[in-house]
Amino acid sequence: MTAVAAEREVLLDVAGLSVHYRGEAGAGVVRAVDDASLQVREFETVGLVGESGSGKTTIGRAVLGLAPVAGGEISFAGEQLTRASARKRRLLCADLQVIFQDPYSSLNPARKIGQTLAEPFRAKHRRSPAEGVEHKVGRALEKVGLDPEVADRYPYQFSGGQRQRIAIARALVTDPRLIICDEPVSSLDLSVQAQVLNLLRTLQTELGLSYLFVSHDLAVVRHVSHRIVILYRGRVMEEGPADAVYAAPAHPYTRILLAAAPIPDPAEQRRRRADAAATRNERMHKAVTAVGAGCPFAARCAHATAVCEAEQPDMETLANGVRVACHHWRELRSVEHGGRR
Amino acid sequence: MTETQALMATLNASPRRAPAPRLWRRLLRKPEAVVSIVFLGVVTAIGVIYPRLRPDVVTQFAGDATGMLSGPSSAHWLGTDGLGRDVFERLLAGAGPTMEGVGITVLVVLLLGMPIGMIAGFFGGRVDAMINWGSDLVLSLPGLIIQLVVLAVYPANQWLAMGAFGILYAPRLARIVRSVALSVREELYVDAAIVSGVSWTFILTRHVLPRVTGSVVVQMAIVAGIALQVQTGLAFLGLLVPAPAPSWGGLIADGISNIALQPWLIWPAGLATVLTTLAFGVLADSLRDAGAEGWSRQGSRLLLAARRRPASGSGKPAVGAAPPEDAGPGSDVLLAVEDFGVAVTKPSGGETLLVEGVRFEVAPGEIVGLVGESGCGKTTTATAVMGLLPDGAHVTSGHIWYGGRDLTALSEAELRRIRGKEIALVSQEPMVSLNPAFRIGWQLAEVVRRHQSGLSRADAERRAVDLLRSVHLPDPEQVARRYPHELSGGMAQRVSIARALAGDPDLLIADEPTTALDVTVQAEILDLLREIRHERGMAILLITHDWGVLADMCDRAVVMYAGQVVEDASIEAVFTRPLHPYTTALLEANPQHGAAEEMLPTIPGVVPSPGDWPVGCHFEERCGHATAACGEHGVPLEIPAPGRLCRCIHVDRPALLTLETVDHGGER
């Protein structure tokens, strides 16, 4: 699986991306994303995981041109996006689409579904499809399991799950190659969430799509992703094949994150909780305000030493294809193997 | 694609509400709006037509020299002025320049203010700053003096004078439009439009303009009223309309100069001015109300869930003064909800049930999870235990036994003593329950003092700091001095737990307490709740939609679906041997169980809303095991095994017990 994936063409290449925002007056610059690199290959789903403030949504927005890029490069299908002209970006828009978290805010309540879906064809420099816009919109709605007739209705006539299907249809209407999914199921109920996740998978198989799947829900990301990227405070902590990262997390932050998510199995969860209590450390509770020169996680990390505070760790590649940014991953791994039966 | 077909079927079968009527139609339902529109229409029509029909009135220098300053008569309906001219004719002709002045101002304000405001709000940044700076400059100019200067240079030029007023007023409209445009800019559909590559003019006209229109229309009615005042004022001074031509301001001036001889004369034009201004004001009000209705019609269901009121005095007959000893549950039960139902009265009469047949128990020190999807009645049930019901709702059946008392039969005063002191609430949004204007310590001390009335201010503050310490907030003294906005989400939830502990309650209702939090913070809050339960022996009713949280925290699980309890079992039993098909299906839909590359088992369709519940089993439509018998009549909650409840007529069919037969890895 991994070997096959490695041979596929890199569709999205984010290299050393930084996004800075001006903070509150006097607070200086907020580094929402700090020197982050990731790749999405053809026909692949990459999960982008992190807690609030990790910059996961910002990376997606930067790729879409909705957030200002302070440094680094984003290229899509071999084309530079960071310094692309407005005209070129518009041309690439067809290949690069988005599904937002909130299916209520992402559809204009005053416009019919059909009008919203036809929007991409109103863009300049784009040829209208030969078969006609209406036909194209109808096809997109069929692909997400809706009747083409819903084009004549308004968003408020639909439930959250149906709206999210419509939002997916809007992303599909231009036949994109990559879709940025920004928490696409977080606001949905469990049964509807499963429907939408299945739909995304079906579409990937049928249309050969790639997804950059941004989410805070580790279970959902594990279910959909081939590879995952763990972010903390705008930096990539760990990155690699989803199974490898979940089975043997190399970075202390990844471990804490995975251990914190309760699993729906009372007996197993009781065991995990006991494990977590044994390794509990008070540093986790520290409110971290400023990031120094070193590892951004150092202030909360139980294993942090002087070198962590002083130096930014480099990305190192492990045998199982996982890449990790931690000074101590080797020691931690050997302790792990010694400690476990 | 069976799932797709099922979805299409539900979509096409369910009757959709008709779209909300357009703004003008909602407006025409208001009698006061119709009256003012008709009035303004008539005044405008007269102003346009009459001066053209009777040019002699406009140019008339002197009238009937023998009948000057006469009162109303059959010859002169509204009397005559100082030069013997007919006041009625002059009033009608005067509407012309008056309404023209109003029209000029409205047009200038609209054409300048709206595009400038939209551009400022949409582009923001430097463009916005420059426009703001320009607006400030214009607004700081003295309006009346500018108009007088214009009139001094171009005497009696109404176009320039009222146009100048429009320019000076436009920044006010621009600011209102800007704030609306700013909020539209935040909408994700604008981001989606940008991603799809459309031009900014398209976004401005298709997405921003429609949202701005409502407030602009209201503002224009207000501007018209103000412009009328300004026009009349300048005409009163004789600056706008040259001598023989009539105007309302001129008529009033004439009346004032003759007030000693004929006090009647100021009334006709005065009243016309007042009534027209009033009509503009009423129209503005109605427009604003009609605009708000458009949004609130769609939001009414949400409002229903959000606003709550006390449950007592709800018209439910009292169950008898003191319940007999054997009516309540035994002493090993803290809270017992029995056959509980809540309904709202529809505006059209009749009732819609929100929950029915709810039954569960909470033992002292036990953590019971209330689980289900949104719209299943979890929150309605939990807040009803606090004696709080949605607006317009009442208890239709059942009892809520708490410590030997039936909470549904208590008065509001009695409930208030229980709320906070014996039963406390922690909500999903801790920030909402904290007042942003007061320091944390002060707010907590208030709660402490309410529960212990004898306590001094200083003692209460000390107790507040102790409470903050007990929820493991680092440096509690310092946290007590902070305002709510200075807290992170996790800290705010700790503060709200500290407040819930202030009355030392026996039961804590936690409504999705960690849904809004990050996963590591969630783990800390759950640890805290577990610790509190352990140390204080406090029972917790935990509302959640997350199977992981349920497995982590609870001793028992109560599964709700479409307003009913469908299953009640110990936590191990729910996960290993679920009995109800809904429980099974919801567990399987959880991505944790499905490995990557696999499709998740789904439940077709959506939860039916209250009012759309089927006669028989509520889950029948979505259930893979449903038979004809399922839809025939309501399904009772039965006891299939000791300590378990299930609402399914096929509960003994072994085929349903999929998880048990498959047996995942043998957890016993």
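In this predicted model, strand β11 (residues 556–561) of chain B is joined by six bridges to β12(B), and the two run antiparallel. Strands here are DSSP E runs of at least two residues, helices are H or I runs of at least four, and both are numbered from the N terminus; two strands pair if DSSP finds at least two bridges between them. Within this pairing, R556(B) stands opposite S570(B) in β12(B). The two strands form a hairpin with two residues between them, and A562(B) in the turn has a positive phi of about 45 degrees.

Since the model is predicted, local features need pLDDT of at least 70 and side-chain atom pairs count only at pLDDT 80 or more, whereas totals for chains, interfaces and linings use all residues.

Strand β12 (residues 564–570) of chain B also pairs with strand β13 (residues 645–646) of chain B, in the antiparallel sense and over two bridges. Here D568(B) stands opposite L645(B) in β13(B). Six of the seven residues of β12(B) are buried, so the strand is largely enclosed by the rest of the structure. A residue counts as buried if 20 or more other C-beta atoms lie within 10 Å of its own, as exposed if 12 or fewer do, and as partly exposed in between, with C-beta atoms placed from the backbone.

Chain B as a whole has 23 helices and 13 strands. Of its 668 residues, 45% count as buried. Among the contacts in chain B with a separation of 6 or more, 68% are between residues 24 or more positions apart; two residues are in contact if their C-beta atoms, placed from the backbone, lie within 7 Å.

Another part of chain B is an open sheet of four strands in the order β3-β2-β6-β7, with antiparallel pairing. Its edge strands are β3 (351–362) and β7 (405–406) of chain B, each of which pairs on one side only. Strand β6 (residues 393–402) of chain B is antiparallel to β7(B), and two bridges link them. Y402(B) stands opposite R405(B) in β7(B).

Chain A also contains an open sheet of four strands, in the order β2-β1-β4-β5 and with antiparallel pairing. Strands β2 (29–41) and β5 (79–80) of chain A stand at the edges with a single partner strand each, so one side of each is left without a neighbour in the sheet. Strand β1 (residues 10–22) of chain A is joined to β2(A) by nine bridges, and the bridge partner of D13(A) in β2(A) is Q39(A). Helix α2 (residues 56–63) of chain A packs on this sheet, touching β1, β2 and β4 (71–76) of chain A, and its direction makes about 115 degrees with that of β1(A). Such angles run from 0 to 180 degrees between N-to-C directions, the axes being lines fitted to C-alpha atoms, for helices over the stretch in contact.

Between the chains, 60 residues of chain A are in contact with 56 residues of chain B. The largest share of the side of chain A that touches chain B, eight residues, comes from α7(A). That side divides into 29 nonpolar, 17 polar and 14 charged residues. Ala, Val, Leu, Ile, Met, Phe, Trp, Tyr, Cys and Pro count as nonpolar, Asp, Glu, Lys and Arg as charged, and the others, Gly among them, as polar.

The largest nonpolar core has 276 residues, of which A169(A), L212(A), V385(B), I509(B), L541(B) and L542(B) touch the most other members. Such a core is a set of buried Ala, Val, Leu, Ile, Met, Phe, Trp, Tyr and Cys residues joined through C-beta atoms within 7 Å. Leaving aside residues up to four places away in sequence, V385(B) touches L335(B), I400(B), L407(B), I423(B), I509(B) and L541(B).

H451(B) is found in helix α15 (residues 440–451) of chain B and is partly exposed, with 16 other C-beta atoms within 10 Å. S74(B), in the loop between α4 (55–59) and α5 (87–123) of chain B, counts as exposed, with 5 C-beta neighbours inside 10 Å.

The model scores ipTM 0.87 and pTM 0.81. The mean pLDDT of chain B, on the predictor's confidence scale from 0 to 100 for each residue, is 84. pLDDT stays under 50 over residues 1–19 of chain B and over residues 296–328 of chain B. Where pLDDT is low, the predicted coordinates should not be read in detail.

Terms used: Residues are numbered from 1 along each chain as its sequence is written. Chains are lettered from A and ligands numbered from 1 in the order in which they are written.
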